[in-house]
Amino acid sequence: MSKLLTTISLQDLEIAPSQRWGAVRLVPLLRQNYRQDLTLVKRNYSRNPSVAVDAQTHYYSYIPHGLVLHWDDRGNPVVPQGTQLGTNNSDIRSMTMLQKMAKREDKNSLRFLPLHLAMESYISIFLQAPWITWPEYSRRSMRESFASHTEYSTSGHSITDLSEALRVFEIHENQVGVMVFVGEALASAFILPNPQDYRALHDTLLTDFYGETFYYYGLYGGANELKMEIDINHIQDLADLQRALQKLRQDWAGTQAMMAGALIDRPIQSQRVYQAGPFSLQRFITDLDRTQTNYIGEAILDDLHSLQYLKIYGLSASQTRRTYLLQQLAAHQWHLENTAIALGTTQSGLLKRLEKAGLAHIFSNQLLEKYRKSQRG
């Protein structure tokens with residue numbers, strides 16, 4: 001069984017030189033040796049469905065497609081039947097309700113909803129209501145467990161230059177993934193098991209949802225010109241040229257890995273969703289460092305701890321603040337005074353931060369009236 005992720009590593013992937021279009025930079029991820037016993041295919045949905053997470057919880061969202069994971073327990077090549085990418089009627093489903101974010105369909109097949117798997121985790125784990133009946137919290141928040149909470153995102157269609165960047169992008173022979181930068185901030189990282197899967201799913205990046213921050217980066221941000229040159233004064237023969245090209249590619253990879261530093265090799269908290277033979281489907285969140293962009297996402301690891309699938313969603317600054325404050329409350333058993341002390345502030349100061357983060361509704365009217373009266377003076 002694969003270990004739980006503690007960091008996102010691209011150790012067995014090659015980072016190729018980027019391609020830029022306007023505010024969008026696409027960085028190809030290549031893999032020379034890829035597994036044949038794992039594949040991901042797209043399943044279209046003609047209407048935006050809701051998902052029955054459990055008997056009491058329903059998740060409503062824009063869901064353009066799902067992914068179906070096929071694997072072989074013995075390492076044999078996988079050729080999925082009946083779910084191949086296409087527009088035939090058998091591939092298009094009209095439904096208003098799906099059961100769970102990840103659902104096993106047969107012995108070696110699992111359907112899951114990309115990014116929604118991570119978003120459901122974000123909402124259900126990090127936006128849970130208090131488990132101790134403190135009088136400071138509203139009865140509704142205690143009863144409904146923040147069930148009516150809403151998060152906002154934007155479609156890839158709304159991000160300036162993304163559509164054209166994907167259209168003109170040159171896909172490499174062994175490409176299995178891509179990192180998408182908008183205004184030089186990492187907006188998406190997408191990795192698939194093999195080049196065939198990537199070619200089939202390349203355009204789905206346009207129908208993904210992104211943090212609202214990247215919508216504004218697309219409008220007002222820009223991509224810098226990255227220039228790296230070979231010193232021809234040190235080139236005497238083809239061997240010198242080959243070494244210089246190899247050094248150039250290493251420099252490109254190092255620079256672009258640094259640009260993705262908000263995700264790569266950063267501490268994350270992860271949770272196993274499903275064990276599919278030798279493959280582990282997990283979802284994760286970064287360490288909520290408020291000085292940089294934070295991400296939620298999902299990944300598939302094999303039995304060698306190699307990353308076979310990855311998709312991420314960048315949290316906005318307000319989502320990070322909200323999640324951080326709720327995490328701190330949970331760490332102190334939802335006791336306001338103890339949480340305030342741990343954060344180096346007063347109860348009024350903590351309530352002010354919670355109100356600015358959009359979380360005032362979880363508290364009782366009596367507490368809020370008392371707090372607001374103290375603020376007026």
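Which backbone nitrogen does the side chain of Gln 282 reach? The views below are of a predicted model, in which local features need pLDDT of at least 70, side-chain atom pairs count only at pLDDT 80 or more, and totals for chains, interfaces and linings use all residues. Residues are numbered from 1 along each chain as its sequence is written, and side-chain values use heavy atoms, with hydrogens and water left out.

**View A. Gln 282 in strand β17 (residues 279-286).** Strands are DSSP runs (E, at least two residues), numbered from the N terminus. The side chain of Gln 282 reaches the backbone nitrogen of Leu 5 at 2.9 Å. A polar atom of that side chain also lies 2.9 Å from the backbone oxygen of Lys 3. Gln 282 is buried, at 0% relative accessible area (buried means under 20%, with a 1.4 Å probe and protein chains only).

**View B. Leu 69 in the largest nonpolar core, of 34 residues.** Such a core is a set of buried Ala, Val, Leu, Ile, Met, Phe, Trp, Tyr and Cys residues joined through side-chain atoms within 4.5 Å. Leu 69, Phe 112 and Ile 300 have the most contacts inside this core. Another core, of 26 residues, lies apart from it and includes Leu 5 and Tyr 295.

**View C. The hairpin of β10 and β11, with two residues between the strands.** β10 (residues 102-106) pairs with β11 in the antiparallel sense over four bridges (pairing requires at least two DSSP bridges). Arg 104 has Leu 110 of β11 as its bridge partner. On β11 (residues 109-112), Ser 109 and Arg 111 are buried on one side, and Leu 110 and Phe 112 on the other.

Key:
Buried < 20%, exposed > 50% of the residue type's maximum accessible area, 1.4 Å probe, protein only. Polar contact = N/O pair within 3.5 Å; in protein donor to acceptor, adjacent residues only side chain to side chain.
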